[in-house]
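Hi there,

Here is the structure I promised to pass on to you. Have a look at it first, and then read on for what turned up.

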Amino acid sequence: MATATTPVGQDQPTKTASPPVVFDLSQPPVIEGFTPLPRPREENFKDKFIRKTKENPFVPIGCLGTAGALIYGLSAFRRGKTRQSQLLMRARIFAQGFTVVAIIVGVAATALKPKQ
């Protein structure tokens, strides 16, 4: 078997040392033709609640109706008014259904709304 010989000085390709890449994690990366959106400010609970209530006002109304029917129905049950208690538990179920439908309609409306 013949061995391949290489001329002297061409044993290995020459490698140039590239400078190490330093990433600044406090800044977004620079990409040509792309400008990142500014970060939105932090929202506290009160601001978020008000924003969500304005977007879909029927969900809090349904929640209040459900809670009201439940509390009033339990107090009627405690006083021994079984007929009134049963009617209020049915009203609670209706209010819960209304709330679920309001949530579904709100999600669908948000999904179908065009992006700004």
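Let me start with the largest pocket. Its lining is made up of 15 residues, and those nearest the centre are K52, E55, N56, G106 and T110. Please keep in mind that this is a predicted model. The space in this pocket comes to about 310 Å³.

Where does the lining come from? Helix 1 (45–55), helix 2 and helix 3 are the elements that give two or more residues to it. Helix 3 gives the most, with six residues. Sorted by class, the lining of the largest pocket holds eight nonpolar, four polar and three charged residues.

The crossing of helix 2 past helix 3 is left-handed. In the contact between helix 2 and helix 3 there are 16 nonpolar residues, along with eight polar and one charged.

Finally, something from the records. An unreviewed UniProt entry carries the annotation "transmembrane region" for residues 58–77 and 89–112. In the model, residues 58–77 are 100% helix and 0% strand, with 28 Å between the end C-alpha atoms. Residues 89–112 are likewise 100% helix and 0% strand, and there the end C-alpha atoms lie 35 Å apart.

Key. Residues are numbered from 1 along each chain as its sequence is written. This is a predicted model: local features need pLDDT of at least 70, side-chain atom pairs count only at pLDDT 80 or more; totals for chains, interfaces and linings use all residues. Side-chain values use heavy atoms; hydrogens and water are left out. A crossing is left-handed if the near helix is turned anticlockwise from the far one by less than a right angle, and right-handed if clockwise. Helices (H or I, at least four residues) and strands (E, at least two) are DSSP runs, numbered from the N terminus. Ala, Val, Leu, Ile, Met, Phe, Trp, Tyr, Cys and Pro count as nonpolar, Asp, Glu, Lys and Arg as charged, and the others, Gly among them, as polar. On a 1 Å grid over the protein atoms alone, a cavity is a set of points where a 1.4 Å probe fits but cannot get out, and a pocket is an open set with protein on both sides within 12 Å along at least five of seven lines; lining residues have an atom within 4 Å of a point. Grid points are joined across faces, edges and corners, and a volume is the space filled by probe spheres set on the points. UniProt positions are given in the numbering used here, feature names are shortened, and annotations may be inferred rather than shown by experiment.
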